[in-house]
Amino acid sequence: MIPHIRGLRRLAVAIAVTAVAAAGLPALPATAASTVYEAENATLSQAGVFSNHLGYTGTGFVDYVNTTGGYIEWTVNAAAAGQQTLTLRYSNGTTTARPMDIAVNGTVVSSGLSFGSTGNWDTWTTKAITATLNAGTNVIRATGTTSNGGPNVDSLTLGDVTTPPPFDWSKAVVDSTMARFTPSTIGGWSYPVALYLQGQYQVYLRTHDARYLQYIKDWGNRFVDSSGNISNSFGSLDSMEPGNVLLILAKETGESKWRIAAQKIRTRLNTYPRTSDGGWWHGSGSSREGQLWGDGVFMVDPFVIRYGQQFNDATWGNDNAAQQLVVYGKHLQRTTGAQAGLLWHAYDEPGGATASWVHPELGNTNGVTWCRAEGWYGLAITDILELLPATHPQRAALTDILRKLVDAFARYQDPATGRWWQVVDKGTDPSNWLETSCSAMYTTTISRAVEKGYVDASYQTYADKGYHGVLAKTSIGSDGLTNVSDICIGTNADDALSFYYGRPRATNDFHGLGAFLIMSEQMIKTGRA
């Protein structure tokens, strides 16, 4: 069941209210005093029950045949005679209104009532009228009046409907994670924990809940002493990603210790090994010699541009962040065939001297398009375009990479769920599976690209579907805490599809929680949640 974008199903809300309150999470929205009649349970004429679009309640919705005269007929009960509010929940993915006659007990009470476009078939809204009902049983019929038939109809609600505020999934995930872990037990200096904390920081910026920032600071204090010393040699790009947390704390606290610690990463990059065309290796050891993984751009490049702009080193930061994305894109972005725009997971400049997964015929890549590697790249390129000066010489190249990437995301989205596959272009393989963290990352990337005008606004529908799809993997457990499921754990590079298909699927893995929070805050900011 796919939850509606603006809330949970009424039944799910009722079940979860007690558990949520017990856990101290934000209260779930209460429902108004009203009765809902699902359209799929009504009497139908020239209409059928379907579930091929997202966002419906119940077990499906009703789709009218494209002809005049099809109808949905509900039998409803009114406690007393008098005026009642009748609210139809509908979607209309065309640009043309689909009017209907609304009749009560055989008498048309609203003729040619317009049901206008909702933008796409996954976006639902409501239309309400007032009518006089008899005490007891009444028959309400909604009849399409044009050759286009009626809109898709999800339900009829009898009684006043109060639209509840949307449930704050971001706060629920943060509060649940803080309930499960203290800053001392959440994990060590690692990029998945840091990703989660960066997502928590986004929620802090919106809510100004001081607990959220204090939690991040308490975690950082485990690794950085009062003089800014940090015990880390930064021998891989992965180890540098938590530097973004240092930058957050430097900005929020004004304490010099965080800048001093972050400067150690900046200094390490002066001597960190590069490929012949300037790409930072995924790891500095011999086992990663000359390797560029799509993951790597997120691990270091946003830190680089943020550090430069925060600490008067902007030319270095802007140039290196942009250069890395261009170099990685040159080697990883696919340029031909139906998969054009997608990225290979990894590239090896030596051509297999230390890596068994190299395919020379595919440009020394591993020949597999793993979903989260592309998600990392999408987050990184949109982060950096947000900060890169408009006049920077690499900006046009980056926007071109992003446009191709977003277009490929749209082509390979699973239309049934709105999510994306673990191996993106192998959706027909029965061993493949739909992965949640990358789905959140792709949703964020598309939404940001639309928001900033890098791609046409029509791509928003893919972000909306992605958001619905990720919410479908998000739930509240019997303990009142949130769960986000089907998250791939950390993954190395390989050339075997079976390796990626066989990666364990976790619930509440920090790769997924962090990606979820970043996505959720983006959708809230743009008014899509």
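On a 1 Å grid over the protein atoms alone, a cavity is a set of points where a 1.4 Å probe fits but cannot get out, and a pocket is an open set with protein on both sides within 12 Å along at least five of seven lines, while lining residues have an atom within 4 Å of a point. Grid points are joined across faces, edges and corners, and a volume is the space filled by probe spheres set on the points.

The model is predicted, so local features need pLDDT of at least 70 and side-chain atom pairs count only at pLDDT 80 or more, whereas totals for chains, interfaces and linings use all residues. Residues are numbered from 1 along each chain as its sequence is written, and side-chain values use heavy atoms, with hydrogens and water left out.

A search of the whole structure finds one cavity of 30 Å³ or more, and the largest cavity holds about 40 Å³ of space. Its lining consists of L86, T87, L88, I102, L113, K127, I129 and L156. Two or more of these residues come from each of β6 (82–91) and β9 (125–133), where strands (E, at least two residues) and helices (H or I, at least four) are DSSP runs numbered from the N terminus. β6 gives the largest share, three residues.

At least two lining residues each are supplied by α3 (191–207), α5 (243–253), α7 (296–310), α9 (371–387), α11 (436–451) and α14.

Two helix pairs are described next, with axes fitted as lines to C-alpha atoms over the stretch in contact and angles running from 0 to 180 degrees between N-to-C directions.

| Helix pair | Axes come within | Crossing angle |
|---|---|---|
| α2 (169–180) and α14 (510–525) | 9 Å | roughly 150° |
| α11 and α12 (460–471) | 8 Å | roughly 150° |

The angle makes α2 roughly antiparallel to α14, a term for angles over 145 degrees. Their contact (heavy atoms within 4.5 Å) includes W169 and V173 of α2 and F510, L513 and F516 of α14. α11 and α12 are likewise roughly antiparallel to each other, and their contact includes A440 and I446 of α11 and Y462 and Y467 of α12.

Methods
Angles under 35 degrees count as roughly parallel, over 145 as roughly antiparallel, 65 to 115 as roughly perpendicular and the rest as oblique.
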